[in-house]
Amino acid sequence: MKKLMAVFALILGFTSVSHADLLVEPYLGYEMGKTKDDDGKIDGTQLGLRLAYKSPIMFWAGLDYSMGVSAEYKPDAGANEDAKRSTAYGVVGIDFPILLRAWVGYGFMNEIKLDDSGKLKGSNYKVGVAFTGLPFVSLNLEYLNETFTERDGNDLATDFKNDSYVLSVSLPLEF
């Protein structure tokens with residue numbers, strides 16, 4: 001009887017069923033943006049991290065933080081400026097069974113620090129899609145829509161708008 005129990009415990013130990021509840025996804029991306037009012041551009045690299053809870057039925061929700069490591073704001077008229085981005089999102093997404101993932105996010109903290117023009121603050125949202133068919137990594141494409149309403153704590157006379165695309169590679173880890 002003891003041998004039977006030992007074999008039973010050994011079998012159960014190797015055949016346990018688990019479900020991943022936590023998604024930790026660091027990513028590295030390149031942003032390509034165009035400002036709407038002055039025909040300028042914002043280009044540069046980003047580092048980010050998504051932390052999310054995954055439900056058993058393909059949905060997930062969590063936080064996404066990204067920061068611009070080396071970016072440049074290139075206005076149509078005037079000198080180029082270094083830009084440092086800092087953005088935090090609340091995100092919800094779905095993992096499709098056909099090697100795709102999609103998500104939307106609302107930016108509850110959005111800042112870009114420009115060297116000469118000061119710090120811009122505003123709101124934004126993002127829509128993203130990922131190809132998850134490669135081993136260990138995902139290839140991502142995101143669309144960012146930003147509206148900046150403050151510069152150095154003062155309201156802007158007209159809102160400063162930016163549309164960007166971010167191409168990134170990420171390492172989705174599930175625990």
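1. In this predicted model, Glu-146 and Arg-85 form a salt bridge through their side chains, with an N to O distance of 2.4 Å. Glu-146 belongs to strand 7 (residues 138–151) and Arg-85 to strand 4 (residues 81–95). The two residues are 61 residues apart, and the pair links distant parts of the chain.

2. Both partners of this bridge can be classed by accessibility. Glu-146 has a relative accessible area of 0% and is therefore buried, since the limit for that class is under 20%. Arg-85, at 5% relative accessibility, counts as buried.

3. Strand 7 also holds Thr-147. With a relative accessible area of 16%, Thr-147 is buried; the value falls under the 20% limit. Leaving aside residues up to four places away in sequence, Thr-147 touches Gly-122, Ser-123, Asp-159, Phe-160 and Lys-161.

4. How many salt bridges does the structure hold? The count is 14.

5. Asp-64 sits in strand 3 (residues 59–74) and Arg-50 in strand 2 (residues 41–54), so the bridge ties together parts that are 14 residues apart in sequence. Asp-64 and Arg-50 are both buried.

6. A salt bridge also joins the side chains of Glu-174 and Lys-54, at 2.9 Å from N to O. Here Glu-174 is in strand 9 (residues 173–174) and Lys-54 in strand 2.

7. Are Glu-174 and Lys-54 buried or partly exposed? Glu-174 has a relative accessible area of 44%, which makes this residue partly exposed. Lys-54 is at 9% relative accessibility and so counts as buried.

8. Which residues are linked in a network of salt bridges? The members are Glu-25, Arg-50, Lys-54, Asp-64, Asp-95, Arg-101, Lys-126, Glu-142 and Glu-174. Among them are Asp-64 and Arg-50, the pair that ties strand 3 to strand 2.

Terms used
Residues numbered from 1 in each chain as written. Predicted model: local features only at pLDDT ≥ 70, side-chain atom pairs only at ≥ 80, totals over all residues. Heavy atoms only, no water. Salt bridge = Lys/Arg side-chain N within 4 Å of Asp/Glu carboxyl O. Helix = DSSP H or I, 4+ residues; strand = E, 2+ residues; numbered from the N terminus. Buried < 20%, exposed > 50% of the residue type's maximum accessible area, 1.4 Å probe, protein only. Contact = heavy atoms within 4.5 Å.
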